[in-house]
Amino acid sequence: MRHTARSTVVLAGLTAMLVAGPLVGPANAAPTATITLNGSSATVSGSNVTVAGGAITITAPGTYQISGTLNNGYVKVDTAAAGAVELLLSGASITNSSSSALHVAAADVVTVTLASGTSNTLTDASRYTNTDEPDAALFSTADLTIAGSGSLTVRANYQDGIVSKDDLVIQSGTITVNSVDDAIRGKDSLTINGGTINVTSTGGDGIKSNETEAGKGVVNIANGTISVSAADDGIKGENALNISGGNINVTRSYEALEAMQVTISGGTSNVVASDDAINSAEEGVPDFTPAPNAFIRVTGGSTVASSGTDGFDSNGSLTFSGGTVVVNGPTSGIRGGDGALDADGTISFSGGVVLGAGMTSLAVFNTVPANGQGWVAPVFSSNQAAGTIVHVVSGTQVLASYRAPKGFREIVFSSNRITNGQTYTIYTGGSVSGTSTGGLYSSGSISGATQTMTVTAGQYRRGGWPRSAGTQG
C-alpha cells in the first residue's frame, strides 16, 4: 500500500554540527543564575533573569540552574545575543495551565541538561491562550540539544511534547513523553546519539522530522534505547531516516518506520505496524510507478518487522546487502500490492539474511533478481497456521528454520547458503532450537518433519504463474 512522504528531493545527509556534543560550559563554571521555583513564582540568585509571578524569562546567554516546583507558569528563553544558553534542570517541575511549560522564543543555541540523579517534569495546558506558537510542552525556535544523565518527563496535553523548529539533538538522559499529537519533533532534523527514550502518542507520530526542504527532514539514530507507541507513524523522516545503531522498539503504529529514503546499517529494530511496517514513498509519483528517489536499503543490523499489510514497502528500490531481516507480514488476503516484501522498483539480495513470510512473500512489480545472493520462495498449497515450523534443506543440511509467529502462505528466504538455480527441499514440522530472531532460529531439526515440496532458487511461482529470474512479476 502506498503512502506518500511529501518530498521530491534527494538528501545529502546531516552536517557535522548535528552529531556534536552538548553545548555546555566548563564543568566547574558557576551558573550565571540559580532559579529556585517556589510554587507560584521563583527566586533568583544571579543575573539576566526576570520574574513576574509565574513568568520567568532568561534574557542572555549563560548557564541557568533551575530547581523546585512551579504550579502555574513557565520558563522562557528570549535573547537576541549570540552565544549558548544552557538550562540545567536539577529537580524542576513546571506546569502551565495556559500554554507551554518551557519556551525558547529566541536564542542562538540551547542545551537542556538533565542533572545527574534528578527527575524533572514539564506539563503544558490542554488549551493554549496563544493562537500560534508555542504549541508544545517544550518548544524551541532555536537549535536544541538535550543531554545529561538525569530524567525528564513531558506531559503534552495540547499538541506536541518536545519540538525544535531547527535541529534537535538528543545526546543522553532518560526521556519520557506522553502527548496527544507528535511526541518528539525536530523540524529541520532530529538526531539521537544516546539516552533512553520512551514516547507515547495518542493522536500523532512518535518521533519525526517534518521539513520538506532539501537536506532537511532527516532523522538519524546512532545510539540509544528507544520505545515508541504511536497512533500514526512510529519514527518518520520526511525525507530520510538513517538507523546506524541503537535499540528501537515500536510496539504500536500505523506505519512504524517511514521516509522517502530509509537506510538501516546497524542497531536492533523490532517494529509493529497495522499497515506497512517499513515504508518508503515519494510525493508526486503515481501508484505502481517506480519512484526515482525513493529507496529502502538494509546494509547491517537486526530488523524484525510485523505488519498488517506490507512488511517492507518501497515505492522505489528495495536492497538487502547485510544484516538480518525477518518480516512477519500480512495474514489475510492475497492482493497484488501487499506482501512481506513489496517494491515498485527493483528488488535485490546481495548479502545478509532475509526471511519474509505472509500471504504473499514477494509483491514485486518488476523482475525478481537474477543475480546476486540466492533466494528461495516456497508457496504452500493452503494457509499455514501460526506456530508452523518450516525448514529450508539442502540434502540433509538444514539451512534455515523458522517458526511462524503469525499465519502465512508464502515465504522468501535469502542467504549466502542459497545458490540460484539449485533445488532445495522444504519441510514442515520437526523442531527449532537456539536463538530466535523474529521466529528465525539459529538451528533446527527435521526429525519427524514432513517433506512438503522442492523449490528452485531464483524462481517464484504464485497462482500458477512462474516468476523466475528475469520474468515480469
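In what order do the six strands of the open sheet stand? In this predicted model, the order is E42-E43-E39-E38-E41-E44, and the pairing is antiparallel. Strand E42 (431–437) and strand E44 (450–456) stand at the edges; each has a single partner strand, so one side of each is left without a neighbour in the sheet. Neighbouring strands of this sheet are turned against each other by 30° on average, direction ignored.

Strand E39 (residues 397–403) and strand E43 (residues 440–445) run antiparallel and are joined by two bridges. Serine 401 has tyrosine 441, in E43, as its bridge partner.

Strands E39, E42 and E43 each supply at least two residues of the lining. The largest share, five residues, comes from E43. By class, the lining of the largest pocket has seven nonpolar, eight polar and one charged residues.

Strand E18 (residues 189–192) pairs with E21 in the parallel sense over four bridges, and threonine 191 has asparagine 220 of E21 as its bridge partner. E21 also pairs with strand E24 (residues 240–243), again in the parallel sense and over four bridges. Here valine 219 stands opposite leucine 241 in E24.

Are the faces of strand E21 covered or open? Both are covered: Val218 and Asn220 on one side are buried, and so are Val219 and Ile221 on the other.

The last topic is the nonpolar cores. In soluble globular proteins, nonpolar side chains tend to be buried together. The largest nonpolar core of this model has 85 residues. Those with the most contacts inside it are Leu87, Ile162, Ile184, Ile235, Phe312, Leu341 and Leu362. Strand E7 (residues 84–95) gives the largest share of this core, five residues. A second, separate core has 22 residues, among them Ala357, Val390, Tyr424 and Ala457.

Methods: Residues are numbered from 1 along each chain as its sequence is written. This is a predicted model: local features need pLDDT of at least 70, side-chain atom pairs count only at pLDDT 80 or more; totals for chains, interfaces and linings use all residues. Side-chain values use heavy atoms; hydrogens and water are left out. Two strands pair if DSSP finds at least two bridges between them. Axes are lines fitted to C-alpha atoms, for helices over the stretch in contact, and angles run from 0 to 180 degrees between N-to-C directions. A nonpolar core is a set of buried Ala, Val, Leu, Ile, Met, Phe, Trp, Tyr and Cys residues joined through side-chain atoms within 4.5 Å. Buried means under 20% relative accessible area, exposed over 50%, partly exposed in between (1.4 Å probe, protein chains only). Ala, Val, Leu, Ile, Met, Phe, Trp, Tyr, Cys and Pro count as nonpolar, Asp, Glu, Lys and Arg as charged, and the others, Gly among them, as polar.
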